[in-house]
Amino acid sequence: MRRIIAVLLENEAGALSRVVGLFAQRNYNIETLTVAPTEDPTLSRLTLTTIGDDRKIEQITKHLNKLIEVIKVVDLTEGEHIERELMLVKVKAVGAQRAEVKRTADIFRAQVVDVTGSAYTVQVTGTSGKLDAFIHAIGELSILEVVRSGVSGLSRGEKVVSL
Amino acid sequence: MLIRALQDEGVDYIFGYPGGAALHIYDAIFRQQRVQHILVRHEQAATHMADGYARATGRPGVALVTSGPGATNAVTGLATAFMDSIPMVVISGQVPNPLIGTDAFQETDMVGISRPVVKHSFMIKHASEIPTVVKKAFFIATSGRPGPVVIDVPKDTTDPSQLFDYHYPETVKMRSYSPATRGHSGQIRKAVELLLTAKRPVIYAGGGVIQGEASAILTEMTRYLGFPITNTLMGLGCYPATDPLFLGMLGMHGTYEANMAMHHSDMILAVGARFDDRVTNDPEKFCPGAKVIHIDVDPASISKIIPAEVPIVGPALPVLTDMLALLRERIEADPALLDRAAHGHWREQIAGWRAQHGLDHGLMGQGSHGVKIRPQAVVQCLYQVTGGEAFITSDVGQHQMFAAQYYHFDQPRRWINSGGLGTMGFGLPSAMGVKFAYPDAVVACVTGEGSIQMNIQELSTCTQYGLPVKVINLNNQALGMVKQWQDMQYGGRHSSSTYQDSLPDFVRLVESYGHVGIRVTEFADLEGAMREAFSARLRDRLVFLDISVDPDEHVYPMAIKGGSMCDMLLSRTEQS
Ligand SMILES: Cc1ncc(C[n+]2csc(CCOP(=O)(O)OP(=O)(O)O)c2C)c(N)n1
Ligand SMILES: [Mg+2]
């Protein structure tokens, strides 16, 4: 099962390499990974998505917790949560394609953020599933380049991951 | 600043080897008296000495190496300590901060290269951080599940011309690190209720009991309950081996009775043990009728391999203390809660297994087996001559298993071996670390002619510091354990496990270092030579016993791959 794990860690040199190293070392896979400092610059917030059964996820969270610089680990998929990913897609857009791309973008509430004579760059945000669907809708043939931010997420409601 | 911090941390010995990036530190060592530096002959040995020191004393061992090759040579020692959860601090010199990342001479990314085999690591950015980092390093190494910590020290941060205010912190607080100090009382209560229902219980205790200084309380609890107990390779000594409740070691080369008892038990109390694959055999077939209570300071060890019915996260000492108090309370109120009749029957069943296929501890009395000396008999002889009181370190191979099976350890911290990583070359330097910690103790290293050659250069260090350790070389002229597997699984094809007459004359070799060498080739001479090695006359000498043992001997019992714990080979011809 796909899981979204939120990690709060010290914003220190080397901390991220320990998290990534752990996954490599223990043969866990990382699907996506995002990281940036929080409102408190001494803390980094990391969101990662991975695939595994309950047993594997339990091991992953326990081992993450063991890392000295890690402060908190929460499996967001255990409860109601919000996930967002941002994607920029450069799409071939000539002739009739131009209107078609624009229409598809509108359906996905995406924005065209850059335009040239032969290409559009479209920005899409949403769940990873929605981003996948957009790529599918545009059709792989006309896609020139894709960059995705990886998933960021937090729990719905009052629950927070903080110190 | 660094050395002052080590002084303030109470460090008495540093095992190390100098080089360019560490020279400021070495100069600081020279100009003080409190911390003694031991010059080794190879950095790997320095880490094993620090490790042996830590295993024997419970205090963190300290090693110091230079950058580049010094640092990489220390990696095996870090991994060895990491796998066995040994508290250790390794300080590595590093090229100056401004040169980092430039492929400077002797630059290696030590923090990177050691990352998977340390509990944590630090890189000093500025000299002013040194006291706090040292304090944190020792705190992390020794608390929770202990482990090795690296401090990488760029040369510019130890420049003696730069002076800073020095203040050594009394304590450290780290918001991201707070290891459990007690067990959850609700879980302990559940465990006690489960313990009381057991008819065929086994206590399975490992190195965590020794690390957690919980041997005495475990012994008290085991005797109070009258439950049979087995130890892992790392746990030997945490329960007195000569006690009737003791079943011997379990696992791949464990005793028949220990493995049978585990397999047929209805309740396993695991304390400070991690269900290693060398214990469980195939986890799918592991102890089908047993409910598991698992006490461990590391939550990640619990339910990793075998799901626990009652997990308890916490150090063994407080958890067992609380548990025993509660057990007493419950049983004193109602003595019928313990099914003593069932337990008595269970112990008889185990005694039957022991009588059937237990280890034969009387080999010395049986005299010579033809012309060859059995390695098991050598360990029994060592046990008798040292009165079971010695610190025994070992290397890795058949000799290690024979030592574990046949030397009875009645006290914790007396059996010192590389269990998790299985590092050949560990035995001699770790014995030296023990000897530094306890100069008056008898310290013997049980080794093989293969392993001893992986750190034999340390005989020179022993000469320099006058270290009278005893080395018992079970010389079977082969990488015996490898050969055994080749016998069993590869049709006896001994691919690269023998040396074709290239072994040195160990007696002359050790004599060239100024030590005493004794060769034993006849069983009749074994006991005399052993007594000589440990005699008052040679008390202050390193004695190397080079004993020719039967090269065809195998270690039994041996778990049958892919089976359950009760599937064992018992000799070349028998299986369970
Ligand atoms: C550094 C290292 N390399 C290789 C091995 C694999 N290995 C395990 S036991 C063994 C043979 C050890 O030979 P020896 O020290 O003579 O002991 P014996 O088994 O003969 O008693 C080897 C090569 C190891 N454990 N450690
Ligand atoms: Mg050998």
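Select B:E309 together with B:L194, B:K291 and B:V292: apart from neighbours within four places in sequence, these are residues with which B:E309 is in contact, contact meaning heavy atoms within 4.5 Å. B:E309 sits in the loop between β11 (291–296) and β12 (310–313) of chain B; helices (H or I, at least four residues) and strands (E, at least two) are DSSP runs, numbered from the N terminus. B:E309 counts as partly exposed because its relative accessibility is 46%, where under 20% is buried, over 50% exposed and anything in between partly exposed (1.4 Å probe, protein chains only).

The model is predicted: local features need pLDDT of at least 70 and side-chain atom pairs count only at pLDDT 80 or more, while totals for chains, interfaces and linings use all residues. Residues are numbered from 1 along each chain as its sequence is written, chains are lettered from A and ligands numbered from 1 in the order in which they are written, and side-chain values use heavy atoms, without hydrogens and water.

B:N476 and B:A478 are both buried.

Move to chain A and display its strands. An open sheet is formed by 4 strands in the order β2-β3-β1-β4, with antiparallel pairing; two strands pair if DSSP finds at least two bridges between them. At the edges lie β2 (32–37) and β4 (70–75) of chain A, each pairing on one side only. Strand β1 (residues 2–10) of chain A pairs with β4(A) over 5 bridges in the antiparallel sense. To find one bridge, select A:L9 and its partner A:V70 in β4(A).

Finally, show both chains. Where they meet, 19 residues of chain A are in contact with 20 residues of chain B. The two chains bury about 1,600 Å² between them, 47% of it on carbon and sulfur atoms; buried area is the accessible area (1.4 Å probe) that two parts lose on being put together, summed over both. Select A:R18, A:R55 and A:I68, which supply 41% of the area that chain A buries against chain B, more than any other three residues.
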